[in-house]
Amino acid sequence: MGRGQKLTNSAEKAVDKIREIEPSKAHVKRLKAVNATSRGLGDEISPKSIAAHALATFGSPEKVQHWMNRPNPLFQGKTPAQVIEFDLLGVEAELVRIDHGVYM
């Protein structure tokens with residue numbers, strides 16, 4: 001077997017291990033809350049819908065305030081509170097990434 005085959009087997013084993021992991025109860029609860037506050041395809045994004053999404057994502061108003069007022073590298077060092085003024089979709093997209101565990 002060549003080196004490529006070993007890497008493939010290692011990757012398959014890693015994927016199998018990941019599949020065995022069950023999400024935590026807190027993660028499942030957060031995803032259910034996010035799904036409950038998610039918009040339909042035709043709904044518009046508004047500061048109010050983003051606030052509801054952020055609350056579902058972070059779980060408390062204090063944590064939402066912390067995130068909203070913390071500089072974010074994705075927004076070139078601006079805070080989500082600053083960016084929400086002109087880029088609702090960007091802030092919403094960042095919340096979706098956080099919900100799914102994709103950190104940039």
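This is a predicted model: local features need pLDDT of at least 70, side-chain atom pairs count only at pLDDT 80 or more; totals for chains, interfaces and linings use all residues.
**The salt bridge**

The model has one salt bridge. It joins the side chains of Arg 97 and Glu 94, with 3.1 Å from N to O. That distance qualifies because the cut-off is 4 Å between a side-chain nitrogen of Lys or Arg and a carboxyl oxygen of Asp or Glu. Both residues sit in helix α6, which spans residues 88–99. Arg 97 and Glu 94 are three residues apart, so about one helical turn separates them. An α-helix has 3.6 residues a turn, so residues three or four places apart point the same way.

How exposed are the two partners? The table gives the relative accessibility of Arg 97 and of Glu 94.

| Residue | Relative accessibility | Class |
|---|---|---|
| Arg 97 | 22% | partly exposed |
| Glu 94 | 8% | buried |

Glu 94 counts as buried because its value falls under the 20% limit. Arg 97, at 22%, counts as partly exposed.

**Helix α3**

Helix α3 runs over residues 47–58 and has twelve residues. From first C-alpha to last, α3 reaches 16 Å. This is close to the 16 Å expected at 1.5 Å a residue.

Which residues of α3 are buried? They are Ser 49, Ile 50, His 53, Ala 54, Ala 56 and Thr 57. These residues cover an arc of only 165 degrees around the axis, so they lie on the same side of α3. The face turned away from that buried side carries Pro 47 and Lys 48, which are exposed.

Just after α3 comes Gly 59. Gly 59 takes a positive phi of about 90 degrees.

Conventions. Residues are numbered from 1 along each chain as its sequence is written. Side-chain values use heavy atoms; hydrogens and water are left out. Helices (H or I, at least four residues) and strands (E, at least two) are DSSP runs, numbered from the N terminus. Buried means under 20% relative accessible area, exposed over 50%, partly exposed in between (1.4 Å probe, protein chains only). The expected span of a helix is 1.5 Å times one less than its number of residues. The arc is that of the directions from the helix axis to the C-beta atoms.
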